[in-house]
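Subject: Structure for you to look at

Dear colleague,

Please find the structure below, with the sequence beside it. After it I set out what was found, one region at a time, and I would be glad if you read the text with the model open.

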Amino acid sequence: MQTHTLSKEMLMAILDGIDEAIHAVDKDGFTIYYNKVAAGYDGMKVEEVVGKHLLHVFPSLTEETSTLLKVLKTKKPIYHENQRYENKKGQLLETVNTTIPILNGDHLLGAVEIAKNYGHLNTLSNKLMDLQAKINRSPGSKKISSIQSSYTLDDFITDDTECVNMLQDATLFASSILPIVIWGETGTGKEIIAQGIHHQSPRKHAPFIAQNCGAIPATLLESLLFGTEKGSYTGAVDRKGLFELATGGTLFLDEMNSMPLELQAKLLRVLEDGTIRRVGGTSTIKVDVRIITAMNESPEICVENGSFRADLYYRLNTCPIYIRPLRERPHDIRLLLEKKLQTRIPYQVPIEIKEMFQSYEWPGNVRELINTIEYILLKSKEEKISTKHLPLKLNRKNQRPTIPQSTGSLRMELQKTEELMIKNAMNQSKGNVMKAAKMLDIPRQTLQYKLAKMGDKSKSDEVLKIRHTD
């Protein structure tokens, strides 16, 4: 009974510690759990809600509009539904809700809703969008747009034959209006290539806008891309999306494979007819935007695992670009090291440092290499760079096993090593043969024989005693 009480307390503590709103009701719609985060969202107190029916506490809801009551009725979960509402204190909230039924087999016990507030993120995004719109309207907009695409294809430093060919393809693709897919591991320089293509293209005086599609709620991403129409929801205003803001220029969509599939379908429509419709809007708007997408996995694999729509892949993949990881182009490691390091120090980088850089695999690619160089410069100050200034990962990677100096035949070296191990085991076991045998993972009799052979007289005597007692 005591264990049951403690488990319940622990469960309550865990639920109260979660940074998301949780609201659970029984099968009749009465609240059985409502955490402090949920109370904060709704402007309520926990005790005002627990034990009461949903429609009694939240009179603005109906059986049709309450997602908890819907799930109780259908027994089907509702995932990632966007909600915008005013709470009891008049504050506007925007949340993403997931509501699931609580079932014991086929028997319905209730439903639980988990809500995450992304209002602050949305507000920040809207401010950035407004700022972008002001920039585009300003007299110096061309100049500012060029700052946004500050990289050219010359900024991609390489000596690798395949990468040189890739840059030639990028230059060729820049002159067209076709969409481009760039893929490569994290940190390989996909945005440098995207900006370089924009800078090389006839659109270079128009905006280059980059948007990461990962780790952002679908509804927020949709409003960012397509804009919003006043009145489409509470608090919504007329606001251009990135497609409108990037008109005449380039829209770079990074981590494309993280974009929700329903949004991928809308992007496909934009590519096919060149129009968008704002969230909540009824009219279509013509846009002229070049799309460059990037992903850190092979597009073909993303299609196979279902994270990338096949029809969108075929539409986007007209001009594919692949960037090799840094570990497959060791000459580029040395080249980047010399370019980035020797422009800041007045002496040659020791050959030993170069070799250590080349032997490391660089899972974070160029981004990791540049950060490592910054670390070394900070650590070395005005001194010449040596291995003591390298981060642990490089020193550890280049540690080689110590090989003892040979003084005789292999048999003699093996015998010395064996005797050393036996002496260590005997010392650690404080002379206990049985314990030492277990440490060496050999039979006790074998150790006794070896001790006798080693001329350990005292242990030989012990051996005889042990044998005698066996």
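His 23 is buried, with a relative accessible area of 7%, where buried means under 20% relative accessible area, exposed means over 50% and partly exposed lies in between, all with a 1.4 Å probe and protein chains only. This residue belongs to strand 1, which covers residues 21-26; helices (H or I, at least four residues) and strands (E, at least two) are DSSP runs, numbered from the N terminus. Before going further, please keep in mind that this is a predicted model, in which local features need pLDDT of at least 70 and side-chain atom pairs count only at pLDDT 80 or more, while totals for chains, interfaces and linings use all residues. Residues are numbered from 1 along each chain as its sequence is written, and side-chain values use heavy atoms, with hydrogens and water left out.

The side chain of His 23 makes a polar contact of 2.8 Å with the side chain of Thr 31. A polar contact here is a pair of N or O atoms within 3.5 Å; within protein, one must be able to donate a hydrogen and the other to accept it, and residues adjacent in sequence count only if both atoms are side-chain atoms. Leaving aside residues up to four places away in sequence, His 23 also touches, among others, Tyr 33, Val 49, Phe 58, Leu 68 and Glu 113, contact meaning heavy atoms within 4.5 Å.

The largest nonpolar core has 34 residues, of which Leu 225, Phe 243, Leu 251, Leu 253 and Met 259 touch the most other members. Such a core is a set of buried Ala, Val, Leu, Ile, Met, Phe, Trp, Tyr and Cys residues joined through side-chain atoms within 4.5 Å. At least two residues of this core come from each of helix 10 (218-226), helix 11 (242-245), strand 8 (250-254), helix 12 (261-273), strand 11 (290-295) and helix 14 (310-316). If residues up to four places away in sequence are not counted, the contacts of Leu 251 include Ile 209, Leu 225, Phe 243, Val 289 and Ile 292.

Turning to helix 20 (residues 433-440), you will find Val 433, Ala 436 and Ala 437 buried. Seen down the axis of helix 20, its buried residues fall within an arc of 100°, so they line one face of the helix; the arc is that of the directions from the helix axis to the C-beta atoms. An α-helix has 3.6 residues a turn, so residues three or four places apart point the same way. On the other side of helix 20, Lys 435 and Lys 438 are exposed. At the start of helix 20, a side-chain oxygen of Asn 432 comes to within 3.0 Å of the backbone nitrogen of Met 434, and after the helix comes Asp 441, whose phi is positive, near 60°.

The structure holds zero disulfides, a disulfide being a pair of cysteine sulfur atoms within 2.5 Å. Cys 213 is buried at 1% relative accessibility, and Cys 302 is buried at 0%.

In the whole structure, 14 salt bridges were found, each a side-chain nitrogen of Lys or Arg within 4 Å of a carboxyl oxygen of Asp or Glu. In one of them, Asp 160 pairs with Arg 324, the closest N and O atoms being 2.6 Å apart. Asp 160 lies in the loop between helix 7 (141-148) and helix 8 (161-174) and Arg 324 in the loop between strand 12 (319-322) and helix 15 (330-342), so the pair ties together parts that are 164 residues apart in sequence. Asp 160 is buried at 12% relative accessibility, and Arg 324 is buried at 14%.

The side chains of Glu 338 and Lys 354 also form a salt bridge (3.1 Å, N to O). Glu 338 is in helix 15 and Lys 354 in helix 16 (residues 351-359), so this pair ties together parts that are 16 residues apart in sequence. Glu 338 is partly exposed at 25% relative accessible area, whereas Lys 354 is buried at 9%.

Last, Pro 202 sits in the loop between helix 9 (190-200) and strand 7 (208-212) and is exposed, at 69% relative accessibility. The C-alpha atoms of Pro 202 and Gly 249 are separated by 8.9 Å, although these residues are 47 residues apart along the chain.

With best wishes
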